[in-house]
Amino acid sequence: MDTIVAISTPHGRGGIGVVRLSGNKALAIAGAVFFISGKSGAKRLIHGKMAFGEIRADGFSDFGYAVVFKAPRSFTGEDIAEFHCHGGTRILEGVVAACIGFGARLAEPGEFTKRALLNGKTDLAGAEGVIDMINAESAAAVRAASDMLNGKLGADIRALQDGIGALMENTEAVLDFPEETEDEVLPDGKRTCAELAATAQNMLSTARAGRMAKYGVDVVILGKPNAGKSSLLNAVLKKERAIVSATAGTTRDLVTDYIEYDGVKINFTDSAGLRKTDDEIEKSGVERAIKASLNADVVLLVEDDTDADGGYSPDLSFGAKTEVEPARIFLTVKTKCDLTGGNYGVKAGGAFSFAQLSAKSDGGVKESGTFPVVRLSSRFGDGVDVLLKLIVSAYKNAETGAMSALITSPRHISCLTACSEALAQAYDGYVSGLADCILIDLRRAYDALGQITGTTAGENLIDSIFSRFCVGK
Amino acid sequence: MMKKNYDVIVIGAGHAGIEAALAAARLKATVLVFVTELKAVGFMACNPAVGGTAKGHIVREIDALGGEMGVSADAALLQIKMLNRGKGPAVHCLRGQEDKYLYSRIMLEKLRNTENLTLAEGEVSRIITEGGRVSRVVTAAGDIVRARAIVVATGVYLNSRIIIGDESRNEGPSGFKRSASGLTESLRGLGLEIRRFKTGTPARIAKDSIDFSKMQIQEGECDIHCFSHLTDEKLTVQQPCYLTYTNADTHRIIKENISRSPLYNGEIKGIGPRYCPSIEDKVMRFDKERHQIFIEPEGRDTDEMYVQGMSSSLPRDVQERMYATVAGLENVRILRYAYAIEYDCIDARALYHTYQVKHTEGLYTAGQINGSSGYEEAAAQGLIAGINAALYVKNEPPFTLSRSEAYIGVLTDDLVTKGTNEPYRMMTARAEHRILLREDTADLRLTPRAYAVGLASESRFARMQARKAEIENTLARALKEKPPHAAVTDLLCRLGGEAPKKGMTYAELIKRPEVSVEDVRALHGFDDISEQAFFTAVTEIKYEGYLKKEEADVKERARLEERLLPTDIDYSTVSGLRTEARQKLAALRPQNIGQASRISGVSPADITVLLVYLRTRKS
């Protein structure tokens, strides 16, 4: 059986949340995602025993517990792994995304129970109890899907699916009616496939904008110790959130809070100052700061304008981002400008957009000289508005730069990713011209979107062939 | 001489009836076959061809199972071709042009010379049951014959009606006698829903009235294998077909006379197949400048030619003018006019996968009566029905094929689970795992099954095993052995690729997308291996990734097939099912969870609910 993954605790904010995996790759994925003292949990997780460690997802990690149950001694009768993380949608969805990255797929409503039933594992009481749950889940899924399908995104996804469907029809018609279709003028399959693959990619690239719309723009503040990062946080929040002191290395853990500005939620994360240190706690704080920046939408590189040696270039390029999301936006923020003659506001770099920067896989670090520079004073508040406006405009650029409506749900991202991969393989198939393989991939692409739209390839396909082509003798 | 008592009675000796009768007799049942007229045995009432896309697969499968169609089709071949070459091995399909009269004579001889089998000219008018089981038939002549199993294979002969323009006659195809003495009523009385389907055929024209110089010649292929796994010879002398086109004049005549077409003026009410449209359908529904017309020979010793692509129900005078507009047919002489035919059939959802009627033990239906069309589809059903009738008589477990095992499995499951609203034709698009159902693996997939049941002969089984050994030998060697480096470099450079690394094995070379079976064959590393075994081995290597994925998928689905749904489930009491699913399940009564999951309107959540229900019921 393939391996399925889902968030098993109720949606929304909670103290902890559980992500569960079931299937023959569950243990392998647990080893890839969960680390005990920096080493893979693959061999270290023991059946039925909770273990403490680090849950690594794309661009962030969380400390929590994991437990595995080996087949057949588990709820589903298959290998199961569970991650007990901190609560919060972003964390849990991130862990799910990481599992998908290692080969799991999102579970359908009731699928864990279905497997338990297929393997003869659930007892009577358990079985009776799940029906309501399944119906509730599938009703919720149907409602969510129908809300989505009525919107622009639904139209875009249907259009993509229809495009794949039409390509399948052409290809199938040629296979089942080779002589009749010789007399038909058919579109170039290879080119059509390339166009469809590009559309799928474009839709995926909107995932980041979609996430920002739903959860807010993540801004991480990086910089040398005492550059004024915590003061900046307090300035944008307009409250004393972080402890500010003249002692370098005051902030050691991540400090997060959010504001709403111009209708956009902005999540700020203050971090430990970046420097080489032998202090274990501070070192770990620095690591966290860098990791947090990897998952951010906007990174503020804070420099003390009174410090002649203020420029700092941390290595920000490590840890490849997921393919789904384009790279981050970088802004240089000069603080304490009230001491250096004001001159507040944007001073260099000029216009930018996510689209421009996303073309560079390393987030444009190499061109650090061209980052927009914002001069401000945290103490008096001058220039802070300019910074916030810039952040909001970054979000708005991402929103308008996206070719189609916003995609927010991990389920949709997972389906689109599967679709996009299958289309890429179908395109490869055109090189060898083996239509039978191309069709396997096209069908996968079509059915992947079918998980969103509810239409899978089948009888419709055959109906369409007969309505579109004059085939048959 | 007809006796008073048989194990199995087969009604009809068309493509379904023949396979049913031969299979049952070869499984040692005593068999009586009724046919309306001896010259209608195995008659190809429409196109003089066997095979084609997906249908070619079915013929190979029938043959692998020990059926007769492949062997006889090979013996009566006029031309053979492999369709879809270059589009991938999964969709390679054989198609043969056949001497239809020779084919019919060969089949008649086989029926006459098969042990345990009696052939009788006559018509069955009633089927009588006792206690929910078949017990005997009554013939139109008033004879009563007892039987433990009955296979109804009436094809398009049941209450059939021929329509040409405003003429209509109560007869079977090609002027044969129809079956009209009450069998339909008898079937209805047994609870079967009777439907009316329609199909049609083009005119037959005189060869000497055709100007072939105005057409494109269509040759066969002399160097390919035939349908049967038992046929070693290749068909070296072939007869051509010809391609020509309709034109604006043809279309104008049709449009001007469309009101005289019974298909359009409401005279014909039966449901016709979309994949086999009449020429008036093609012209009215599709705005094309021309439609293809293929002229095909009907036999070696006949002057008749078949005009494929121009079936019609228009009146004779319109047909004459319409055919004469086609390039090369200016002086055409029509020997038999195109006609539409309507006939009675049943809704096959009343059947199990064995083709037994759900509520009547021992009663089987096969072929066009089940709503299918095509000789191959009919023969496949006849074969499975015949095997099961014999097994039933012997009190042995039934024989069925799954969707992942054979096109025949797909055909059966589609008919009995999904049902059909038009004459059903097999298409490769209907098979979800076509890469596992290739025509080159029919023997490997099915001969062991048929051998186990007793239908495939020792020699057929031995041939399959020899081929399997050859394939395994090739696979093992391809993984280790390396073709000469210079030859590989030549090949890859010729194909526009880069020079390969040294020490590339055959398997690595085969996996390259640009490299074909023929390219590898030409390296002469496997000259001791037969072409067919080599082709299969290379395909297995080339498609390894896809095959593995598909096999895993099949395994997952198989688990659902194993979950049987009891026959007495009252779906109205299963809590949690959505209304649509409840209605569909109650109407179709699937036998297992896998079948239930293929019913449109039954969602994955409904399936889980069913699993829960099964679990609670068990406790």
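Student: Hi! What should I know before I start looking?

Tutor: This is a predicted model, where local features need pLDDT of at least 70, side-chain atom pairs count only at pLDDT 80 or more, and totals for chains, interfaces and linings use all residues. Residues are numbered from 1 along each chain as its sequence is written, chains are lettered from A and ligands numbered from 1 in the order in which they are written, and side-chain values use heavy atoms, with hydrogens and water left out.

Student: Okay, how many helices and strands does chain B have?

Tutor: Chain B has 20 helices and 20 strands. Both are DSSP runs numbered from the N terminus: helices are H or I with at least four residues, and strands are E with at least two.

Student: And what box do its C-alpha atoms fill?

Tutor: Roughly 80 × 75 × 55 Å for chain B, taken along the principal axes.

Student: How much of chain B is buried?

Tutor: Of its 619 residues, 62% count as buried. Buried means under 20% relative accessible area, exposed means over 50%, and partly exposed is in between, using a 1.4 Å probe and protein chains only.

Student: Which domains does chain B have?

Tutor: The assignment gives domain 1 (5–198 + 343–426), domain 2 (204–340), domain 3 (464–546) and domain 4 (563–618). These bounds come from an automatic or database domain assignment. The C-alpha centres of domain 2 and domain 4 of chain B lie 47 Å apart.

Student: Let's zoom in. Why is helix 10 of chain B called largely enclosed?

Tutor: Because 11 of its 12 residues are buried, helix 10 of chain B is largely enclosed by the rest of the structure. Among the buried ones are B:Tyr407, B:Leu411, B:Asp413 and B:Asp414.

Student: What covers them?

Tutor: The cover for the buried residues of helix 10 of chain B includes helix 2 (55–64), helix 9 (375–393), helix 18 (579–588) and helix 19 (593–598) of chain B.

Student: How far does that helix reach?

Tutor: Helix 10, residues 407–418 of chain B, reaches 15 Å from its first C-alpha to its last, close to the 16 Å expected at 1.5 Å a residue. The expected span is 1.5 Å times one less than the number of residues. Just after helix 10 of chain B, B:Gly419 takes a positive phi of about 75°.

Student: Now helix 16 of chain B. Which residues there are buried?

Tutor: They include B:Phe534, B:Phe535, B:Val538 and B:Ile541. Helix 12 (458–480) and helix 17 (544–562) of chain B are among the elements covering the buried residues of helix 16.

Student: Switching to strands: what does strand 10 of chain B pair with?

Tutor: Three bridges join strand 10 to strand 19 (residues 339–346) of chain B, and the two run antiparallel. Another three bridges join strand 10 to strand 11 (residues 167–169) of chain B, also antiparallel. Two strands pair if DSSP finds at least two bridges between them.

Student: Which residues stand opposite each other?

Tutor: B:Arg161 stands opposite B:Glu342 in strand 19 of chain B, and B:Ile162 stands opposite B:Arg169 in strand 11 of chain B. Both faces of strand 10 are covered, with B:Arg161 and B:Ile163 buried on one side and B:Ile162 and B:Ile164 on the other.

Student: What does B:Asn257 touch?

Tutor: Not counting residues up to four places away in sequence, B:Asn257 touches B:Leu314, B:Val318 and B:Arg321. B:Asn257 is in the loop between helix 6 (248–256) and helix 7 (279–285) of chain B and counts as buried at 9% relative accessibility.

Student: Last one, over in chain A: is A:Lys238 buried or exposed?

Tutor: A:Lys238 is exposed, with a relative accessible area of 73%. A:Lys238 has a positive phi of about 60° although it is not a glycine. Also in chain A, a cis peptide bond joins A:Ala71 and A:Pro72, with omega about 0°.

Note on methods. Contact means heavy atoms within 4.5 Å.
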